[in-house]
Amino acid sequence: TKPRIICCCTPNRTSRWDFTMGKKNRPSSDSDKSTRPQKRSSSLQNDTEPHKQNQITSANDNKTDSSRCESQQQPTSNSPSALIKARVKRATASSLKDLEDVQQMLKDILSSAEEGSEEWTDAGNFLATLLLQIKVDSSSSCDESGTKTNNRHTVSQLLDERGFSYHLSRKALTHSHDTVRNPPHIYANAWDNALPSDLLQKLGEAFGPNSSFWTSHNYSDGSSGKPPSPYFSYVVPLQNEHENDDTAKANQSVLMQIIRKIQQQISINFPDVLNCTAAEWWSHCRPHCSGHQLHFDSDDEGRGGVRNPVASTVTYLSCDDTSVGGETLVTSQSSVSKKLATKGWLCSNKRNRVLAFKGNLLHGVIPGAGAQSSHKEGKRVTFMVAFWKRIHVQDKEGFGSARPFSRVENEEWAKPLVEKMVSSPGSSANKGGEGGKRCENCFFEVPVWEDVDKEKNQEYGMAIQNVTRSRVLPPYDAFFQFFS
């Protein structure tokens, strides 16, 4: 049969890719549901980053329903407990035996689940992710799908049954470091030892795994079975160099020193950040196996026209064990592109490394592959800052995207951030520091997409090499990323 590249869009709507918590093109209304293949819809219900634009087609094609995703593919609240147990087991896996147990749990679910049900969809997507993250070598007894040849649950079978024609490349999903290659500097760059030790310590106090920041925001990454917390971020104004004395004093806070350090550092690649009027920041604390679907950063859900930041940054705060958590993937595809990304670059994790990339590029976090053998309870802790020329600040009660930091700066969790750095002789933070060093050998080029069934796709002229040369993007529902 013809590969299932099903346009899941309503008539007269442009084919889009909505990465909203990994859910494929959620219907925008009840009347819309009949046009979308139900067996292919993930059972995700939560929108966690409402102002990130989760469309991979041209940003100008269709701006409705676009949302920002800090994605975890999550089961719904009514998902069977067996699937939740499998997710918890995966999140705490510390050995190959643990991962094999998770695979068996998912196979048991599939053996009794009704085809097309949410349980069948999620378990199959979950199992496919685990199998795709198995590194295949010439001595293994695995086929091209990365599964043992006598295993009836092959990756191609699992994904084809669920209507996918393409998936994230195995090299991306296994964090391949085979090809050390920097992206063009107009796309991304990274610096080591970017922050002075005093400021780095303060960030650790504010966002360490045991920080009150997480409990105060009822933060959940979803891996324990608890629904993921909604996305939230804060905005601080950036004054120009002619700022008055009061503002200058305010800018001496730990938070403003950190943001200014990052801003100055990345201006080497992105000089326009020096003209930005606002910085938006947020943070995450996630287990090894947690991922974040590919997305574009966009202001206010794309309403009133898509607006991307000048640049976005990720500062790694985790301990020196680089095996904790997945790596950030930055691709060559922009929000106005009519073509799929052909190249991507994984940036390896390292404490006090700052990754910066152009604000309109498709990016995400690949789930950590394999078991987390050491620091079993370790978390991937990151601090993100996006620099904006203009952003819609949502001055509302409660947590949410782009809230003014001034509303919460008196909260207990904010104390390490609003504290004024005490001047002391020899403090690198007060000296201003010399800036970070451009990191060497920290980017690894990988292909972005692969065919689920290459022969089948070639038969109909839809193999990935044909698709990436086309200026017509396939529908989002044809592509599989991961379940984490």
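I began with the word "buried", which I use for a residue with under 20% relative accessible area, while exposed means over 50% and partly exposed lies in between. I also noted that I am working with a predicted model.

**Entry 1: helix H9**

With that cut-off in hand I looked up H9 and found it mostly covered, since eleven of its 13 residues are buried. Among the buried residues I wrote down Val 254, Leu 255, Met 256, Ile 258 and Ile 259, and I noticed that Lys 261, Gln 263 and Gln 265 are on the list too. I then checked the length of H9: at 1.5 Å a residue its 13 residues should span 18 Å, and the end C-alpha atoms are 19 Å apart, which agrees.

**Entry 2: salt bridges**

I turned next to charged side chains, remembering that those of opposite charge can pair when their charged atoms come close. How many salt bridges does the structure hold? I found 14 salt bridges, and I followed three of them.

**Entry 3: Asp 272 and Lys 389**

The side chains of Asp 272 and Lys 389 meet in a salt bridge, with 2.7 Å from N to O. This pair links distant parts of the chain, 117 residues apart, for Asp 272 sits in the loop between helix H9 (254-266) and strand E7 (278-286), and Lys 389 in the loop between strand E14 (380-388) and strand E15 (403-404). I looked up both partners and noted that Asp 272, at 30% relative accessibility, counts as partly exposed, and that Lys 389, at 44%, counts as partly exposed.

**Entry 4: Lys 350 and Asp 192**

Lys 350 and Asp 192 also meet through their side chains in a salt bridge, at 3.8 Å from N to O. Lys 350 lies in the loop between strand E11 (343-347) and strand E12 (354-358), and Asp 192 lies in strand E5 (residues 188-192), so the pair ties together parts that are 158 residues apart in sequence. Is Asp 192 buried or exposed? At 11% relative accessibility Asp 192 counts as buried, because that value is under 20%, whereas Lys 350, at 38%, counts as partly exposed.

**Entry 5: Arg 407 and Asp 395**

Last, I looked up Arg 407 and Asp 395, whose side chains meet in a salt bridge at 2.6 Å, N to O. Arg 407 lies in the loop between E15 and helix H10 (415-418) and Asp 395 in the loop between E14 and E15, so the pair ties together parts that are twelve residues apart in sequence. Arg 407 counts as partly exposed at 38% relative accessibility, while Asp 395 is exposed, with a relative accessible area of 52%.

Key. Residues numbered from 1 in each chain as written. Predicted model: local features only at pLDDT ≥ 70, side-chain atom pairs only at ≥ 80, totals over all residues. Heavy atoms only, no water. Salt bridge = Lys/Arg side-chain N within 4 Å of Asp/Glu carboxyl O. Helix = DSSP H or I, 4+ residues; strand = E, 2+ residues; numbered from the N terminus. Buried < 20%, exposed > 50% of the residue type's maximum accessible area, 1.4 Å probe, protein only. Expected span 1.5 Å × (residues − 1).
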